[in-house]
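Q: I would like to learn how to read strands and sheets in a model. Can we go through one step by step?

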Amino acid sequence: MLGNYRFALVDLETTGGQASQDHIMEVAVRVVGGEVDLEWESLIDPLCSVPSFIQSLTGISSSMLRGKPRFADVQELLWSYLDDAILVAHNARFDAGFLRANFARYGRDYQPRVLCTLKLARTLYPDWPKHGLEAICERIGFYSEVHHRAMADVDAMKAFLDYARADKGEAVFNFEVGLLLGMPVLPPSMSQADIDAIPCQAGIYRLLGEAGELLYLGTARSLQEQVLSHFENPTGDSKAAKLVRRVDSVQWQVLAGELSAGLHLSAALRHEKPLLQRRAKALGKACCVRFITDDRGELQLRLRSGLPANIASTGESVALFRERKHAKTRIRELAKEHQLCLRRLAVLVEGELCECGACILTAEKSGGSPLAPTAETAADFSAQVKVAFAGYLYAPWPFAEPVLVHEDNGAGRSEWHLVHDWRHFGSFRWDAERGQLFELSGEAKPLDLAAARRICDQTQEFRYEHYRLFRAFQHDLAWQPLSQFNVAISDDCVT
């Protein structure tokens, strides 16, 4: 079972269901893995009477427990079996809770990694109508003379684990156990050799299902590292676990760097629909927040879709967000952080109240109404608003013409991205023999400077995700204005 890990199969019989007030009256442990396998069981004197319904369920009476060891007498031995072992139990939360509470009374902090065989049974055999131990035993043909006794239930768990490993195969069994334990796992169809074959370079990757369906599409600085990250901590029934359970193979494409990967991903997500991935919100139309001054000199906010077409000529300051919903959320967060009045910003919807200090104070005054701001307070308020939104202000295009952004991964992959006014007009490769740029896709037509300028004269939609990408790499890559780009020399000589 999963290499050299120690597993402690445990079952407890207790005087009730509440770990804070009920007591352990029987414990059984079977330790497997590691250097030595062992088993141990004992009745425990709970120092209290056993309720009648517990006696009828387990067959353990109060008289059977008199004179047996107390938990204080066995806790050190039990700790030696459980310490550093993975706790395996059926409905493990129950057993872990009782062990944690009892060990705590003796200064021991019991926080084991837990494998619940109830969850494992539901995961491996979702079509079984019941997943209790008795139902499982009947299903797999394991018969025991007693039930609801500690060692008998441990034997039943062991029988189920052996059955599931043989029935599902070692790869599937270890995969599902690893998922429930939050351990790094690989899909059963993939091997370490498949992972080793993925390069540690920037690019895009696709996680595919058994029928070749696209499950997930992403970018990576290191493809191998990013793909592995999907398999490192996908616990239980999380979204990550649901994805990993369906992965059958991985496709990847090495690109010139992270900027190239981001541009390729943006283009791919416009026509590919990964089944287990939320469509990137950045692919929606950006939301622009304008700062408008009303007749009283009061600064207010106005939301609109897209970037104003004349922003380059007017030089207007606007805040930019990936979408309207994101803008509304951040406005309220920034207002709370900087103590801005949403009423003064004119962004309250009908029936909504502002919770800033001034509005609360006014509301507390019977019949009071907000005072009109003075010129001085309006100016102060405007300054506060500009400070609050400073991190979201749109940055004007810093060049007087289009540019070519060069990215090279140092391993033979190089791309030139034609950009103007934060808009992407295509990506190209340099052909040193011909001394020309060629399109990466389509008919691979050559690009001269005149053609590049004509392309950039065309109308191109402003895309928020492209703006964020180019801003992120503005100072990390070579940005070459077209007028300074010499197509007569190789890209190795271009500075």
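A: The protein chain has 19 helices and 17 strands. Helices (H or I, at least four residues) and strands (E, at least two) are DSSP runs, numbered from the N terminus. This is a predicted model, in which local features need pLDDT of at least 70, side-chain atom pairs count only at pLDDT 80 or more, and totals for chains, interfaces and linings use all residues. Residues are numbered from 1 along each chain as its sequence is written, and side-chain values use heavy atoms, with hydrogens and water left out.

Q: What is the radius of gyration of the protein chain?
A: The radius of gyration is taken over C-alpha atoms, and the globule rule is 2.2 Å times the number of residues to the power 0.38. For a compact globule of 495 residues the rule gives a value near 23 Å, but the protein chain has 33 Å. Its C-alpha atoms fill a box of roughly 95 × 80 × 40 Å along the principal axes.

Q: How do strands form a sheet, and what is the strand order in the open sheet of 5 strands?
A: Strands of a sheet pair through backbone hydrogen bonds, either parallel or antiparallel. Two strands count as paired if DSSP finds at least two bridges between them. Here the order is β3-β2-β1-β4-β5, with mixed pairing. β3 (38–43) and β5 (114–116) stand at the edges with a single partner strand each, so one side of each has no neighbour in the sheet. From one strand to the next, the twist averages 20°; axes are lines fitted to C-alpha atoms, for helices over the stretch in contact, and angles run from 0 to 180 degrees between N-to-C directions.

Q: Over how many bridges do β1 and β2 pair?
A: Strand β1 (residues 7–14) and strand β2 (residues 24–32) pair over 8 bridges, in the antiparallel sense. One of the bridge partners in β2 is I24, which pairs with T14.

Q: Is strand β12 mostly covered or mostly open?
A: Buried means under 20% relative accessible area, exposed over 50%, and partly exposed in between (1.4 Å probe, protein chains only). In β12 (residues 403–408), 5 of the 6 residues are buried.

Q: Which strands pair with β12?
A: β13 (residues 414–420) pairs with β12 in the antiparallel sense over 6 bridges, and V405 has H417 as its bridge partner. The two form a hairpin with 5 residues between them, and G410 in the turn has a positive phi of about 75°. β12 also pairs with β17 (residues 478–481), again antiparallel, over 4 bridges. There H406 stands opposite A478.
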